[in-house]
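Please consult the sequence and the coordinates alongside the text.

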Amino acid sequence: RVTIGQGGGISALYQARGTIHNQGASIATVEIKGGDYYTYHDAAHLSLTVDGGTCHYYSNGLLTALKVSSGGYWETSRDGRDKTITTAQMYAGGRISTRTGRTGSVTITNPVELHRCGINDVSMDFGDQIKLTVADL
């Protein structure tokens, strides 16, 4: 188990297994291949790739680019604070859940992009009362 303190800054983090708790550090690039990655407080990320394992995004920090692929799961179920994802890309086998119990607490600025897969190849749970935009890439 690794804990990263609040207010720190890291340029890159690679996780293969185990558990990491980010207590509020800004990290430019995170790649999760396995294990559990938790974010809290105002942790922010420029690029977050979940290619296996689970990202529990319980912070209200900005997430600029999210990629979720086979075996990866990004969720924010236990944190109803507002958060913004600028771009989200999904690949076959990826899962996202923004269900927090609060309407409108997660904003995805641009439409979610499906790469090399269709809607039946991914799992997306955005909760109730949502508005989706569908367009070609």
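## Cysteines

Cysteine 117 has a relative accessible area of 17% and is therefore buried (buried means under 20% relative accessible area, exposed over 50%, and partly exposed in between, with a 1.4 Å probe and protein chains only). The model is a predicted one, in which local features need pLDDT of at least 70 and side-chain atom pairs count only at pLDDT 80 or more, whereas totals for chains, interfaces and linings use all residues. Residues are numbered from 1 along each chain as its sequence is written, and side-chain values use heavy atoms, with hydrogens and water left out.

Cysteine 55 is likewise classed as buried, at 0% relative accessibility. Its sulfur lies 19 Å from the closest cysteine sulfur, that of cysteine 117, which is too far for a bond. A disulfide is defined as a pair of cysteine sulfur atoms within 2.5 Å, and a search of the whole structure returns zero of them.

## Salt bridges

Five salt bridges are present in the structure; the term denotes a side-chain nitrogen of Lys or Arg within 4 Å of a carboxyl oxygen of Asp or Glu. Three of these pairs, among them one that involves lysine 33, are listed below.

| Lysine 33 | Aspartate 51 | 2.7 Å |

Strands (E, at least two residues) are DSSP runs numbered from the N terminus. Both partners are partly exposed: lysine 33 at 32% and aspartate 51 at 28%. Together with Glu31, Lys33 and Asp51 form a network of salt bridges.

In the second pair, aspartate 79 is buried at 7%, while arginine 81 is partly exposed at 33%.

Arginine 99 is partly exposed at 37%, as is aspartate 125 at 28%.

## Threonine 39

Which strand holds threonine 39? The residue belongs to β5, which spans residues 36–41. With a relative accessible area of 0%, threonine 39 is buried. Leaving aside residues up to four places away in sequence, threonine 39 touches Asn22, His45, His56, Tyr57, Tyr58 and Ser59, where contact means heavy atoms within 4.5 Å.

Notes
Helices (H or I, at least four residues) and strands (E, at least two) are DSSP runs, numbered from the N terminus.
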